[in-house]
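User: I have a structure to read. Please take me through its surface and its charge pairs, step by step.

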Amino acid sequence: MNANASIFTRTTAGNMRLDSEPTLSPSQKKDNVQLAQRLGECRAAARSTFIYQERSTANRIRALQSNEQVILAEPGGRDGWIAVSSPISGFVQAKDLKRCTEAATLPTRRNLCRQVMYQGVEGVAVREQPDVTSSQVDTVFLGDRVTLSNPPEFITDGMGREWTRLATPSVGWMSNGIPARGDINLIACSQ
């Protein structure tokens, strides 16, 4: 990939040098170069991948579509993994992320469409507030398309349930399940 980026190069003495343009010699190993990662920065999935419960591929908690954005939850990574805080807290393999581009962060370019994958005949309640006791304003069913609020809002309650704020078919909050258990009610719409 040809791009101008800030990179960190580890020398054999363990020192780090910041270069404003990549100038890599053929002898430098691929694992000695990494994209600078800062707390709170936006990254996008370079390809379809997953957010995991821990720094391992053992427990997937949410799928990420290509170009879907995440927010970094730590200033650097560890063992090839980086913590993210949005769209849900977890870990992503750093090699599967790229910088967010200006065009990708514009609201008109954001894919806010989601499709309901919950299979229960009762559907999923859309509520006034992100709470199971809040008043129900609508119900969505398997295969229905919904639109996330812009910007998207996600809240995880004390039970580990992820709530997603919707703009359509009704304004309200929908449970996206308990991702830590692999229980997810929404997937990104295929365009």
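Analyst: Start with the definition of a patch. Patches are made of residues with over 30% relative accessible area and no salt bridge, and nonpolar side chains are joined within 5 Å. Keep in mind that this is a predicted model.

User: Which residues make a nonpolar surface patch here?

Analyst: Met117, Leu142 and Ile187 make one of about 250 Å². Ile187 sits in strand 18, residues 186–188. Its relative accessibility is 36%, so Ile187 counts as partly exposed.

User: Now the charges. How many salt bridges are found in the whole structure?

Analyst: The general idea comes first. Side chains of opposite charge can pair when their charged atoms come close. In this structure, the search finds eight salt bridges. One of them joins Arg43 and Glu41, at 2.8 Å from N to O. Another joins Arg62 and Glu68, at 2.9 Å. Asp157 and Arg161 also pair, at 3.5 Å. Salt bridges with shared partners link Arg47, Lys95 and Asp96 into one network.

User: Is Arg43 buried or exposed?

Analyst: Buried means under 20% relative accessible area. Arg43 has 1%, so Arg43 is buried. Arg62 is buried at 9%, and Glu68 at 13%. Asp157 has 22%, so Asp157 counts as partly exposed.

User: Where is Gly172 found, and what is it in contact with?

Analyst: Gly172 lies in strand 17, residues 172–175. With a relative accessible area of 1%, Gly172 is buried. Beyond its neighbours within four places in sequence, Gly172 contacts Val126, Arg127, Thr164, Arg165 and Leu166.

Note on methods: Residues are numbered from 1 along each chain as its sequence is written. This is a predicted model: local features need pLDDT of at least 70, side-chain atom pairs count only at pLDDT 80 or more; totals for chains, interfaces and linings use all residues. Side-chain values use heavy atoms; hydrogens and water are left out. Patches are made of residues with over 30% relative accessible area and no salt bridge: like charges are joined within 9 Å, nonpolar side chains (Val, Leu, Ile, Met, Phe, Trp, Tyr) within 5 Å. Accessible areas come from the Shrake-Rupley method with a 1.4 Å probe; for residues, only the protein chains shown count as cover. A salt bridge is a side-chain nitrogen of Lys or Arg within 4 Å of a carboxyl oxygen of Asp or Glu. Helices (H or I, at least four residues) and strands (E, at least two) are DSSP runs, numbered from the N terminus. Buried means under 20% relative accessible area, exposed over 50%, partly exposed in between (1.4 Å probe, protein chains only). Contact means heavy atoms within 4.5 Å.
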